[in-house]
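Good morning, and thank you for joining this group meeting.

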Amino acid sequence: MRLLSTRDPRARSTFRAAAAGAQPPDGGLWVPEAWPRFDDLDALLALPWAERNVEILHRLLGDEFAREELAALVGEALDFPIPLAPVEPGVFALELFHGPTLAFKDVGARFLAGVLARGSTGPRTILTATSGDTGAAVAHAFWKRPGFRAVVLYPAGRVSPRQERQFACLGDNVHALAVEGSFDDCQALAKACFADADLSAELGLTSANSINIARLLAQGLYYLEAAAQLRGLGIPGPPVVAVPSGNFGNLCAGLMAEALGLPVAAFVAATNANDTVPAFLDGGPYRPRPSVPTLSNAMDVGAPSNWERIARSAGDAAALRATLRWDRCSDAGTLEAMAALQGLGYEACPHTAVAWAALKRRLQPGETGVFLATAHPAKFPEVVERATGRVPALPPALGALESAPVLSRPQSNDPAALKAVLRSLCRD
Ligand SMILES: *Cc1c(COP(=O)(O)O)cnc(C)c1O
């Protein structure tokens with residue numbers, strides 16, 4: 001796969017180098033030079049999940065990976081079910097939360113880990129700053145992987161105890177550092193480390209953040225799975241697909257799948273009060289802004305980093321408005337949507353509820369709707385209880401963690417101190 005920058009098309013990369021963290025020198029993002037459009041989509045959709053994924057990835061990455069490598073990668077990274085659950089007539093939830101940390105970020109993080117494990121020379125240190133879910137998915141994906149260390153920076157006391165346990169109880173090659181500061185401080189610390197060329201070279205520092213093209217590519221695969229399952233149910237028409245969005249990586253992956261031939265009537269870009277993109281699509285200027293906290297906190301992004309990819313591929317605002325539908329949902333609307341879904345017999349996390357609410361407002365009569373269920377409701381028990389009066393049942397993966405010791409260490413908000421800690425961790 002030949003990649004070029006969203007800004008200067010002369011900036012080029014291989015997929016492997018981009019996955020390992022190489023950034024375009026012009027500050028842009030990597031995008032494929034071209035997408036092959038599959039003319040045998042019906043046959044592809046008729047294949048089982050794993051076989052279809054190997055076939056598609058081989059067509060896209062065959063110049064850099066052998067088919068057997070891709071088969072092993074798919075077998076280890078994309079090994080959990082992605083069911084399409086009926087919620088009400090003509091409306092389905094694509095459940096992306098059956099991986100080890102119960103959120104869709106497992107898909108991209110596990111695939112990225114598999115890619116890096118197959119291309120790595122020398123030890124690597126994956127450094128990630130998290131406000132919650134990303135840290136868990138990344139830490140799990142690299143946990144006990146020979147040749148890798150994962151370091152998770154998180155704001156002390158500002159992630160929920162359950163979120164903290166998902167990355168801070170792992171131990172082994174996963175190190176959780178509780179930073180005295182905010183999530184922004186954690187990101188600034190990570191940035192300072194990546195900007196230090198000596199440190200980066202010494203530790204093989206690698207970022208696993210959501211602009212990584214490997215994460216997006218893996219996510220594109222489950223959109224095709226939704227289409228395959230709809231066909232299995234005898235629903236051939238293209239669905240409207242609602243995507244709960246923060247950094248817009250997930251929507252970007254959906255548009256990639258569409259470029260490959262995914263049958264889709266429209267995507268609905270669904271946000272919470274952080275509505276930079278809906279405000280732009282409404283006709284305003286594109287104005288990134290500081291994020292505001294909401295109940296769907298994994299979507300609290302005011303300057304979505306993947307938007308540049310989407311904007312570039314569409315061409316201009318008019319083209320985007322013609323292909324997308326969009327809506328935003330307040331916290332009050334989120335709670336109402338969660339209660340309404342519960343009334344339909346479907347327990348949803350707040351992010352999932354935002355997608356459903358936007359879908360319901362943008363779906364036209366006769367259309368089939370799919371909304372992405374991005375996290376398990378039990379990850380957000382307080383919000384579920386507030387919306388529905390019920391405490392979600394604890395899935396075994398979370399239950400086992402309730403009594404596990406937290407192994408994180410306190411970390412001062414000081415780049416020099418953090419660099420010394422990283423060096424010492426990597427000597428062990
Ligand atoms: C990260 C996340 C989102 C937003 O996905 P983007 O790719 O950043 O748009 C939505 N829901 C959940 C549960 C998430 O963790």
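I begin with the second largest pocket, which holds about 320 Å³ of space. A pocket here is an open set of points on a 1 Å grid over the protein atoms alone, with protein on both sides within 12 Å along at least five of seven lines; lining residues have an atom within 4 Å of a point. A volume is the space filled by probe spheres set on the points, which are joined across faces, edges and corners. There are 15 lining residues in this pocket, and Trp35, Leu255, Arg309, Ser313 and Ala314 are the closest to its centre. At least two lining residues come from each of β3 (30-32), α11, α13 (307-314) and α14 (317-323). These helices (H or I, at least four residues) and strands (E, at least two) are DSSP runs, numbered from the N terminus. By class, the lining of this pocket has 10 nonpolar, two polar and three charged residues. In this scheme Ala, Val, Leu, Ile, Met, Phe, Trp, Tyr, Cys and Pro are nonpolar, Asp, Glu, Lys and Arg are charged, and the others, Gly among them, are polar.

A word on the source: this is a predicted model, in which local features need pLDDT of at least 70 and side-chain atom pairs count only at pLDDT 80 or more, while totals for chains, interfaces and linings use all residues. Residues are numbered from 1 along each chain as its sequence is written, and side-chain values use heavy atoms, with hydrogens and water left out.

I turn now to the cavities, sets of points where a 1.4 Å probe fits but cannot get out. The structure has two of 30 Å³ or more. The largest has a volume of about 70 Å³, and its lining includes Trp35, Ile56, Leu216 and Met256. Which helix gives the largest share of that lining? It is α10, with five residues. The lining of the largest cavity comprises 11 nonpolar residues, one polar and no charged. The second largest cavity, of about 40 Å³, is lined by residues including Arg231, Pro236 and Pro263.

Next comes the ligand. It has 15 residues around it, of which Lys105, Gly246, Asn247, Phe248 and Thr374 come nearest; a residue counts as near if one of its heavy atoms lies within 4 Å. A backbone N or O atom of Asn247 is 2.8 Å from a ligand oxygen atom, and a polar backbone atom of Phe248 is 2.8 Å from an oxygen atom of the ligand. The protein covers 96% of the 390 Å² of accessible area that the ligand has on its own; such areas come from the Shrake-Rupley method with a 1.4 Å probe.

Phe248 also has a positive phi, near 65°, although it is not glycine. Phe248 sits in the loop between β10 (240-244) and α11 (249-260). Is Phe248 buried or exposed? Phe248 is buried, at 3% relative accessible area; buried means under 20%, exposed over 50%, and partly exposed in between. Asp172, another residue that is not a glycine, has a positive phi of about 60°. Asp172 is exposed, at 56%.

Conventions
Buried < 20%, exposed > 50% of the residue type's maximum accessible area, 1.4 Å probe, protein only. Polar contact = N/O pair within 3.5 Å; in protein donor to acceptor, adjacent residues only side chain to side chain.
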